[in-house]
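Please keep the sequence and the structure in view while reading.

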Amino acid sequence: MGYLPFVLLWGLPQIWENSEASPRFFPLRCLQISSFANSSWTRTDGLGWVGELQAYTWRNDSDTIVFLKPWSQGTLSDQLANQLQHIFKGYRSSFTRDIREFVKMLGSDYPFEIQISAGCEVLSGNSSESFLHSAFQGTDIMSFQGTSWVSAPDAPPWMQRVCRVLNEDQGTKETVQWLLYDICPQFVRGVLETGKSELEKQDHSHVLVIVLSVLAFILVLGGSFAFWFRRRRVYQNIQ
């Protein structure tokens with residue numbers, strides 16, 4: 001149950017925020033889970049919520065993010081939406097490649113899983129807050145703060161090396177800044193406009209359902225991954 005700390009870290013802030021009698025906001029929260037069995041097999045899946053409503057999914061076998069609601073695209077133009085789909089498609093392939101390179105550089109072992117949580121929240125006064133956190137085997141290891149990657153306080157020592165390498169890639173950092181601080185708030189404002197009627201009907205008690213759904217999603221992926229790994233070992237032993 002190594003993923004429970006990550007699920008709680010991701011989900012409890014939603015429960016806490018929604019339990020207060022403050023004005024209601026509807027943050028965009030995206031979750032990526034990537035499983036690496038060995039140097040050649042990997043699987044990446046993604047989910048996205050606006051408030052407590054799941055509005056996006058990105059399956060491992062698909063090249064595009066699927067909009068689950070009629071209003072999920074918000075007010076983005078088709079041109080910008082296609083551009084973002086292209087960027088995320090490239091991101092997924094480069095992410096897999098880079099992780100494998102880090103494994104070689106650090107001498108790490110397979111198998112393992114990486115979880116990434118990212119999104120933003122539009123606040124009153126036209127302000128917004130964005131976030132991007134990475135976890136390894138359910139433990140927080142890194143986040144993007146302002147203009148650079150920062151190792152988590154309790155991250156293993158090798159994370160400092162990873163951050164140094166990532167921070168040398170100025171182009172990627174600028175893209176992350178653009179997505180987090182420019183595109184994300186703009187996108188959420190559009191979604192709040194097009195999905196207003198359905199979003200305002202949300203019941204805060206459903207937040208617990210989200211957390212349980214995420215946990216179930218992780219357990220299903222973990223079970224599939226474990227089954228594949230056991231089957232692979234049996235096959236190797238037969239040979």
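The model is predicted. The protein chain contains 6 helices and 8 strands, and 42% of its 239 residues count as buried. Much of what follows concerns helix α2, residues 78–106.

**The chain as a whole**

- Along the sequence, the elements of the protein chain come in the pattern α-β-β-β-β-α-β-β-β-β-α-α-α-α.
- Among contacts in the protein chain with a separation of 6 or more, 59% are between residues 24 or more positions apart.

**Helix α2**

- Helix α2 is made up of 29 residues. From its first C-alpha to its last it spans 41 Å, close to the 42 Å expected at 1.5 Å a residue.
- Several residues of α2 are buried, including Leu80, Ala81, Leu84, Phe95, Ile99, Phe102 and Val103. The buried residues of α2 also include Gln85, Arg92, Ser94 and Thr96.
- Just after α2 comes Gly107, which takes a positive phi of about 70°.

- Leaving aside residues up to four places away in sequence, Arg92 touches Thr44, Trp58, Arg59, Asn60, Ser62 and Asp63.
- Arg92 and Asp63 are 29 residues apart along the chain, and their C-alpha atoms are separated by 9.1 Å.

**Packing of α2 with α3**

- Two packed helices are described by the angle between their axes and the distance between the axes.
- Helix α2 packs with helix α3 (residues 158–167) at an angle of about 130°, and the two axes are 12 Å apart. This angle makes α2 oblique to α3.
- The crossing of α2 and α3 is right-handed.
- On the α2 side, the residues in contact are Phe102, Met105 and Leu106; on the α3 side, they are Trp158, Arg161, Val162, Val165 and Leu166. By class, the contact of α2 with α3 has 7 nonpolar residues, no polar residues and 1 charged residue.

**Packing of α2 with α4**

- Helix α2 also packs with helix α4 (residues 170–194), here at an angle of about 145° and with the axes 13 Å apart.
- The crossing in which α2 passes α4 is left-handed.
- Leu80, Gln83, Leu84, Ile87 and Phe88 of α2 make this contact with Trp178, Leu179, Ile183 and Gln186 of α4. The contact of α2 with α4 comprises 7 nonpolar residues, 2 polar residues and no charged residues.

**Backbone features in the loops**

- Most residues other than glycine have a negative phi, and most peptide bonds are trans.
- Which peptide bond is cis, with omega near -5°? It is the bond from Tyr110 to Pro111. Pro111 is found in the loop between α2 and β5 (112–122).
- Asn126, in the loop between β5 and β6 (128–136), is a residue other than glycine with a positive phi, near 65°. Asn126 is exposed, because its relative accessible area is 60% and the cut-off for exposed is over 50%.
- Gln137 is located in the loop between β6 and β7 (139–145). Its phi is near 55°, again a positive value in a residue other than glycine. Gln137 is partly exposed, with a relative accessible area of 31%.

**Loop residues and their surroundings**

- Ser39 is found in the loop between β1 (28–36) and β2 (42–50). Not counting residues up to four places away in sequence, Ser39 touches Arg100 and Tyr110.
- Ser39 and Pro111 are 72 residues apart in sequence, and their C-alpha atoms are 9.1 Å apart in space.
- Asp154 occupies the loop between β8 (148–151) and α3. Asp154 is exposed, with a relative accessible area of 73%.

Technical notes
Residues are numbered from 1 along each chain as its sequence is written. This is a predicted model: local features need pLDDT of at least 70, side-chain atom pairs count only at pLDDT 80 or more; totals for chains, interfaces and linings use all residues. Side-chain values use heavy atoms; hydrogens and water are left out. Axes are lines fitted to C-alpha atoms, for helices over the stretch in contact, and angles run from 0 to 180 degrees between N-to-C directions. Helices (H or I, at least four residues) and strands (E, at least two) are DSSP runs, numbered from the N terminus. Angles under 35 degrees count as roughly parallel, over 145 as roughly antiparallel, 65 to 115 as roughly perpendicular and the rest as oblique. A crossing is left-handed if the near helix is turned anticlockwise from the far one by less than a right angle, and right-handed if clockwise. Contact means heavy atoms within 4.5 Å. Ala, Val, Leu, Ile, Met, Phe, Trp, Tyr, Cys and Pro count as nonpolar, Asp, Glu, Lys and Arg as charged, and the others, Gly among them, as polar. Buried means under 20% relative accessible area, exposed over 50%, partly exposed in between (1.4 Å probe, protein chains only). The expected span of a helix is 1.5 Å times one less than its number of residues.
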